[in-house]
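User: Please take a close look at the aromatic rings of this model and how they pair. I would also like the surface and overall form of the chain as background.

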Amino acid sequence: MFLTLMLLRNSIPGKQWIGKHRRPRAVTWQMTRNTVKHLERERENEYWISRPYMTPEQEYCHAVERRAQNWIKIKEAKFCNFPQHKRITDHLSHLNITKTWSS
């Protein structure tokens, strides 16, 4: 019995592609090529990220005016839908029943 179990141990229990005891995938040349391409792209991105477009002196306060204009546009867009001001006399005009037409 133990000899049979030892000889038949090559099978993978359950699903063969998932789980703790899964069948390892064979690495193909396409997988290697894709990994190399990905690493080269990453290296190029790191190259360009490491060289800034502007110096810290140029970058300091370079967008203050644009941000202020954007903030003004946002405020105007918010207030354009705001209702007009109403006076307290408008709210309480229905209480003014003693006033005559002539005065």
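Analyst: **Surface, form and aromatic pairs**

The protein chain has an accessible surface of about 11,400 Å², 60% of which belongs to carbon and sulfur atoms (Shrake-Rupley method with a 1.4 Å probe, where for residues only the protein chains shown count as cover). This is a predicted model, in which local features need pLDDT of at least 70 and side-chain atom pairs count only at pLDDT 80 or more, while totals for chains, interfaces and linings use all residues. Residues are numbered from 1 along each chain as its sequence is written, and side-chain values use heavy atoms, with hydrogens and water left out.

On pLDDT, the predictor's confidence in each residue from 0 to 100, the protein chain has a mean of 88, with 95% of its residues at 70 or more. Confidence is lowest in helix α1 (residues 2-7), with a mean of 70, and highest in helix α2 (residues 29-49), with 97. The protein chain holds 5 helices and 0 strands (DSSP runs numbered from the N terminus: H or I of at least four residues for helices, E of at least two for strands).

The C-alpha trace spans about 120 × 55 × 20 Å along its principal axes. The radius of gyration of the protein chain is 38 Å, whereas a compact globule of 103 residues would have one near 13 Å (taken over C-alpha atoms, with a globule rule of 2.2 Å times the number of residues to the power 0.38). Buried residues account for 1% of the 103 residues, where buried means under 20% relative accessible area, exposed over 50% and partly exposed in between, with a 1.4 Å probe and protein chains only.

Turning to the rings, the structure has 2 aromatic pairs (ring centres of Phe, Tyr or Trp, its six-membered ring, within 6.5 Å; planes under 30 degrees apart are stacked, over 60 edge-to-face, the rest tilted). In one of them, the ring centres of Tyr47 and Trp48 lie 5.0 Å apart and the planes meet at 75°, so this pair is edge-to-face. Tyr47 is partly exposed at a relative accessible area of 40%, and Trp48, at 54% relative accessibility, counts as exposed. Phe79 and Phe82 have ring centres 6.0 Å apart and planes at 75°, so they too form an edge-to-face pair. Phe79 counts as exposed, at 52% relative accessibility.
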